[in-house]
Amino acid sequence: MLLLIQYTLIFSSVLTLVALGGCFSEHSGVINLGLEGIMVMGGLGGALAMRYLNPAMPGFFLVIIVLLCAIAFGALYSSLLAVACINFKADQTIVGTALNMLGTAAATVIVKAINTAANPDDVSSTIQYIEPKKKFLVNIGSFEFNWFMVIAVLAVVAAYLILYKTRFGLRLMACGEHPQAADSVGINVFKMRWSGVLISGVLGGLGGICYLLAGVSEWKFENGVAGFGFLALAVMIFGQWKPTRIALSALLFGAFRALSNVYFGFEFLRGLNIPGSVYNMMPYIISLVVLAFSSSHSRAPKSEGIPYDKSQR
Amino acid sequence: MKKSFWKSEGFKSLLASLICIVVGMLIGYIVLLFINPKGASDAILTVVKNFFTYSKATSRMKYFGNTLVKTAPLLMCALSILFAYKVGLFNIGASGQYCAGVCACLYAALKWHWGWLPCLLLAIAAGMVFGCIVGLLKAYCNVNEVISGIMLNWIILYGTNMILTGVKETTSPYTFEMRNEGVQALLPSLGLGKLFNSNIYVTIAIPLAIIMAILVYIVLDKTKFGFELKATGFNKNAAKYCGMAEKKNLILTLVIAGGLSGMGASFLYQTGFVQWECTTSSVPGMGFNGIAATFLGGLNPIGTIFASYFIQHITAGGAYVDKTMYCSQISDLISALIIYLCGFVLFMKMAMTRISAKRDEKKALEKELTDKGGND
């Protein structure tokens with residue numbers, strides 16, 4: 001049971017971070033379907049940092065550097081989306097999808113190149129981080145506390161304050177609702193959308209490294225992040241683009257994702273004799289069902305997905 | 001006045017696609033240079049050359065056949081995405097529908113020992129069912145088709161692994177060899193294999209895929225049905241106002257798109273060229289490469305035929321790069337880059353129009369000046 005709570009919390013942290021990223025980007029008016037690719041890139045940044053840093057260094061610095069690397073990779077990568085969708089008015093769906101494919105392909109190529117350069121016989125796309133991973137964990141009894149749980153809570157609070165209590169947040173949301181109106185009162189729509197996408201890159205990158213550190217201590221980059229970026233989008237829609245509701249719906253989705261990791265520990269679930277694949281499917285099935293019920297009264301930002309053109313009204 | 005070829009929409013699309021390919025290749029080359037400058041030129045040439053790396057003409061022909069065998073399913077997935085895109089829907093679920101097709105045709109062939117035609121039809125039906133789910137969710141529950149498509153992709157992947165475990169070899173994670181257990185379900189070759197140095201995998205799938213492309217072109221551009229679908233895509237409300245059943249059109253589109261992807265699965269798996277691995281942990285890339293082929297083909301079914309071949313050509317070429325220095329995923333990287341660059345196509349076309357308009361203006365001005373000069 002404790003294990004289930006632990007996994008639920010860590011997976012919900014991932015989903016919360018990434019969904020908040022999506023929330024910022026969509027409130028500014030850009031649909032970020034590339035979250036999956038951004039997660040992979042953020043994870044790559046963090047994993048590379050963990051590979052090259054000396055594990056003997058003080059834990060605090062190690063954690064900070066890993067986080068910063070993940071953030072930097074995520075933000076840089078998301079700027080590819082921003083350039084194409086904001087400045088060149090490209091189709092946001094195509095570019096987002098391209099970023100997802102590019103993320104996995106690029107990460108695989110980079111990691112394989114590094115592995116092969118270090119050892120010509122090693123053609124895997126795996127990075128190991130057993131030692132550095134321990135720096136992120138604090139054991140309380142048998143419960144493995146992960147610092148990302150704190151980061152996720154902080155992110156929710158920060159997102160709430162920024163979106164509803166600051167000038168920046170309100171302006172950001174104005175750009176997603178009615179960019180022409182925002183422009184007419186002197187808000188730079190392009191700048192606001194850029195910041196929305198960059199924030200989603202930062203949060204997506206954090207979510208990516210968090211996902212890599214969630215259960216395992218090595219990661220095969222060929223696998224990407226198994227649709228987690230899209231699960232986060234489902235969480236965001238279910239959370240009606242509001243930070244606090246996003247956090248709650250992340251808990252729900254996280255619980256189902258966790259179940260596929262730990263269902264074997266429960267006597268009655270094992271007794272049901274359901275194949276493991278069914279538990280793997282669960283989070284996706286649940287999200288489909290939830291989306292079917294929550295999408296019809298969607299509170300999506302009005303102008304999301306439409307490139308801003310000054311000459312239109 | 002007849003519009004010149006150089007100013008036509010088709011030429012602009014072609015030029016934009018070529019720019020995408022060249023820039024994509026160039027970035028791929030730069031990445032290779034970073035990894036290892038010594039073999040980069042060789043590696044990128046290998047990717048482009050694919051089967052031409054073989055010196056013997058006969059083996060070239062054989063591997064050309066192999067590339068074509070894998071082009072057929074890719075073309076079908078690309079057509080599926082194209083069909084939906086023309087109606088304003090982004091069918092990212094093509095991978096999942098393809099996967100469902102694999103599951104259906106393999107299970108029917110290996111477990112129930114059905115013939116090739118029923119297997120093919122079952123694969124199409126399986127794709128249609130999942131296309132239909134996406135369509136229903138979109139039409140009645142307003143669920144974004146991209147997100148529901150991705151969710152279904154994963155559900156279908158796990159489901160396929162689970163179901164096909166029933167027909168897998170006991171010692172390996174792969175399904176039974178078609179040539180041993182499901183000979184009756186192999187697509188007929190009609191002697192086509194002979195053309196490719198007796199390549200047993202070359203079947204009617206390849207011409208069928210091309211026929212389907214032409215069919216999609218005819219349906220979309222030359223029939224009332226296709227016009228209605230496109231009208232729904234342009235403006236759902238206007239279509240409804242004109243008395244079209246916009247919800248029905250939407251669902252029908254995704255059903256057809258799903259069927260096309262499912263058919264693609266049967267075109268590859270019923271040749272016995274590949275087996276399904278029951279521990280597959282990621283959704284088949286066919287549907288995603290299909291996106292690249294669709295946009296590279298300038299959203300034209302005939303262009304898609306060539307684009308699919310090109311994408312498959314470099315994907316197959318990636319397998320020949322020197323593994324001691326590079327990995328085969330370099331071609332995935334290039335096709336992903338090409339999709340990203342396709343996002344800029346609209347901008348490129350606008351720029352081209354602007355340049356040619358400027359040139360026309362200049363010419364007109366000069367003409368005016370010389371005309372005036374003549375009058376004086």
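What share of the contacts in chain A with a separation of 6 or more is accounted for by residues 24 or more positions apart? In this predicted model, the share is 79%. The corresponding value for chain B is 76%, again for contacts between residues at least 6 apart in sequence.

Chain A contains 13 helices and four strands. Its C-alpha trace spans about 60 × 50 × 35 Å along the principal axes. A compact globule of 313 residues would have a radius of gyration near 20 Å, and chain A has 20 Å, so the value agrees. Of these 313 residues, 58% count as buried. The chain carries 20 positive and 14 negative side chains. The centres of the two charge sets lie 11 Å apart.

Chain B is built from 16 helices and has zero strands. Its C-alpha trace spans about 95 × 60 × 40 Å along the principal axes. For 376 residues, the compact-globule radius of gyration would be near 21 Å; chain B has 23 Å, which agrees. Buried residues make up 52% of chain B. The chain exposes about 17000 Å², with 66% supplied by carbon and sulfur atoms. Chain B has 32 positive and 18 negative charges. Their mean positions are 3 Å apart.

The two chains are in contact. Chain A contributes 46 residues to the contact and chain B contributes 40. The size of an interface is often given as the accessible area lost when the parts come together. Here the area buried between chain B and chain A is about 3700 Å². Carbon and sulfur atoms give 81% of this buried area. On the chain B side, B:Met151, B:Tyr158 and B:Tyr340 lose the most area to chain A. Together these three residues account for 18% of what that side buries.

Several positions in chain A were examined individually. A:Thr8 sits in helix 1, which covers residues 2–28. The relative accessible area of A:Thr8 is 12%; buried means under 20%, so A:Thr8 is buried. Residues up to four places away in sequence aside, A:Thr8 touches A:Leu251, A:Gly254, A:Ala255 and A:Ala258.

A:Pro132 lies in helix 5 of chain A, residues 130–134. With a relative accessible area of 7%, A:Pro132 is also under the 20% limit and therefore buried. Beyond its neighbours within four places in sequence, A:Pro132 is in contact with A:Met50 and A:Leu62. A:Ser311 is 179 residues from A:Pro132 along the chain. The C-alpha atoms of A:Pro132 and A:Ser311 are separated by 52 Å.

Positive phi values occur at two loop positions of chain A that are not glycine. A:Lys89 has phi near 55 degrees. It is placed in the loop between helix 3 (59–87) and helix 4 (92–118). The relative accessible area of A:Lys89 is 27%; this falls between the 20% and 50% limits, so A:Lys89 is partly exposed. A:Trp241 has a positive phi of about 60 degrees. This tryptophan belongs to the loop between helix 10 (228–238) and helix 11 (243–262). Is A:Trp241 buried or exposed? Its relative accessibility is 4%, and A:Trp241 therefore counts as buried.

In chain B, helix 13 runs over residues 286–296 and is mostly covered. Eleven of its eleven residues are buried. Among them are the aromatic residues B:Phe288 and B:Phe295. B:Met286, B:Ile291 and B:Leu296 are buried in this helix too. The buried set also includes B:Asn289 and B:Thr294. B:Gly287, B:Gly290, B:Ala292 and B:Ala293 are buried as well. Helix 13 is followed by B:Gly298, which has a positive phi near 65 degrees.

Conventions. Residues are numbered from 1 along each chain as its sequence is written. Chains are lettered from A and ligands numbered from 1 in the order in which they are written. This is a predicted model: local features need pLDDT of at least 70, side-chain atom pairs count only at pLDDT 80 or more; totals for chains, interfaces and linings use all residues. Side-chain values use heavy atoms; hydrogens and water are left out. The radius of gyration is taken over C-alpha atoms; the globule rule is 2.2 Å times the number of residues to the power 0.38. Buried means under 20% relative accessible area, exposed over 50%, partly exposed in between (1.4 Å probe, protein chains only). Contact means heavy atoms within 4.5 Å. Lys and Arg count as positive and Asp and Glu as negative; His and the chain ends are not counted. The place of a charge is taken as NZ of Lys, CZ of Arg, CG of Asp or CD of Glu. Buried area is the accessible area (1.4 Å probe) that two parts lose on being put together, summed over both. Accessible areas come from the Shrake-Rupley method with a 1.4 Å probe; for residues, only the protein chains shown count as cover.
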